[in-house]
Amino acid sequence: MSGLPTLRAVLYMIVAVVVLTLVGGGVVVIMNDDLLGTAKEQPARRDRERPEQIRLDQLVPTTAPARDFGEGGPGVTPTPPRLLAIARGEVPKRTRFALAELKNVQKVIVIDAGSVKVSGTGLNLLAVDPAGFRSWTPKAVAGQPGVWSALDRGELVADAAATRRLGLVLGAHYQLDGGPRLRVAASATLGLKGVDGLVSTETGKALGLAPGVAVLLHGKGAISQARVKRLLGDGSQVVSLVAEPRKSTPPSTPRATEQPVAAQRPTSYLDLYKVSATRCPGLSWTVLAAIGQVESGHGRNNGPSSAGALGPMQFMPATWKAYGVDGDGDGKADIWSPYDAVPGAANYLCANGAGKGGEKLRKAIWFYNHSWDYVNKVMGVAAAYARAYA
């Protein structure tokens, strides 16, 4: 017989080499159809079937949304306002009593109001007591505990029309001109003409809103706008909040319905990365998206890694303890939740100077994973995302 090994022996040797390589922790190159179609090297622990090629705006974070403060809430009898009035100064107590005596007026509330600016764009806000103001909103809004809990936390509940008009992103933080940062926690159809959003009374004071200048009046019949204006004095403004009668619409004509309250959590990874990046002025969302792809394939491989890193952004527990955040306001900072992990990553990057760009950004990414090859990979994927979503 020839001294050469048989075909069966060769096959046995190849199988043995492959097994030993895998057991020894070798690297397997996996052609992964990333959202941008990039190929990457991953450890054997991340071996998986090739996923469908989808876009970030179609990829929903996998953690099921928590029921924020329960559903429904205590029964509230809506008493929607018929008129909204703005006085030139604080409405005195005697004027409030006089307003309550007007024909058809059943209920009056006086609250703080004012305007703030974001990048030069004005927002008209009312500052309200969350517990006392619920009945002044539509039933769907009054029965949504998350709205009122957000106000209690000092966050902004934006009117749905203002959200669309101004391009506000739910969950994002906005820097007020000459003031603090304010988080847009929810969007709701408030039914208050000319009002862009609600904040709590305490937040309103911090923002410098004018005390006691806004008046809402509820009643079952028409309330005289002229009399309200006369009581409030020169320069006051009175707006009717009662919908004008509309002509009947043919049954065959579909009419769009508006969701009265929008949840505060982003509905896709694209939105989640964009919202989270606002925590660090100067940081592009594409960097967060690139880290999310490189670390876990956007939550598809959450670990733990061989080094003990956990969650969709692969935090070490000690690092998470220092930089983890409660991104969705559910009362806990969960290393496994993308709603907490992604803003936590923005927080960590920002602490290391990522918002300054250039070499500071590269150094911040290096702190995330101490490898310049890792930095180059992240920057390359980020650039690809920037091109794909330009």
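A residue counts as buried when its relative accessible area is under 20%, and that cut-off is handy for the views below, which come from a predicted model.

Figure 1. The secondary structure comes to 14 helices and twelve strands. Of the 390 residues in the chain, 44% are buried. Among contacts with a separation of 6 or more, 68% are between residues 24 or more positions apart.

Figure 2. Let us start with one of the eleven aromatic pairs that the structure holds. If you step back from the pair, you will find F315 and Y348 in a cluster with W320, Y323 and Y368, linked by ring pairs.

**Figure 3. W366 and F367 form an edge-to-face pair, with K363 alongside.** The ring centres of W366 and F367 are 5.4 Å apart and the planes stand at 75 degrees, which is why the pair is edge-to-face. W366 is buried, at a relative accessible area of 19%, just under the 20% cut-off. F367, by contrast, counts as partly exposed, with 29% relative accessibility. Have a look at K363 as well: this lysine lies over the face of W366, 4.1 Å from the ring centre. The charged end of K363 also sits over the ring of F367, at 5.4 Å from the centre of that ring.

**Figure 4. Helices α13 and α14 cross each other.** Here helix α13 (residues 358–368) and helix α14 (residues 372–388) have axes that come within 9 Å and cross at roughly 120 degrees. The crossing in which α13 passes α14 is right-handed. On the α13 side, the contact is made by L361, R362, K363, I365, W366 and Y368. The α14 side brings W372, Y374, V375, N376, V378 and M379 to the contact. Sorted by class, the contact has nine nonpolar residues, one polar residue and two charged residues.

**Figure 5. N104 and S119 each have a positive phi.** As background to this view, most residues other than glycine have a negative phi. N104 is not a glycine, yet its phi is positive, at about 75 degrees. You will find N104 in the loop between α2 (93–100) and β4 (107–118). With a relative accessible area of 31%, N104 is partly exposed. S119 is not a glycine either, and its phi is positive at about 55 degrees. The place to look for S119 is the loop between β4 and β5 (121–128). S119 is exposed, with a relative accessible area of 68%.

Technical notes. Residues are numbered from 1 along each chain as its sequence is written. This is a predicted model: local features need pLDDT of at least 70, side-chain atom pairs count only at pLDDT 80 or more; totals for chains, interfaces and linings use all residues. Side-chain values use heavy atoms; hydrogens and water are left out. Axes are lines fitted to C-alpha atoms, for helices over the stretch in contact, and angles run from 0 to 180 degrees between N-to-C directions. Helices (H or I, at least four residues) and strands (E, at least two) are DSSP runs, numbered from the N terminus. A crossing is left-handed if the near helix is turned anticlockwise from the far one by less than a right angle, and right-handed if clockwise. Contact means heavy atoms within 4.5 Å. Ala, Val, Leu, Ile, Met, Phe, Trp, Tyr, Cys and Pro count as nonpolar, Asp, Glu, Lys and Arg as charged, and the others, Gly among them, as polar. Rings of Phe, Tyr and Trp (its six-membered ring) pair if their centres lie within 6.5 Å; planes under 30 degrees apart count as stacked, over 60 as edge-to-face and the rest as tilted. Buried means under 20% relative accessible area, exposed over 50%, partly exposed in between (1.4 Å probe, protein chains only). A charge sits over a ring if NZ of Lys or CZ of Arg is within 6 Å of the ring centre and within 35 degrees of the ring normal.
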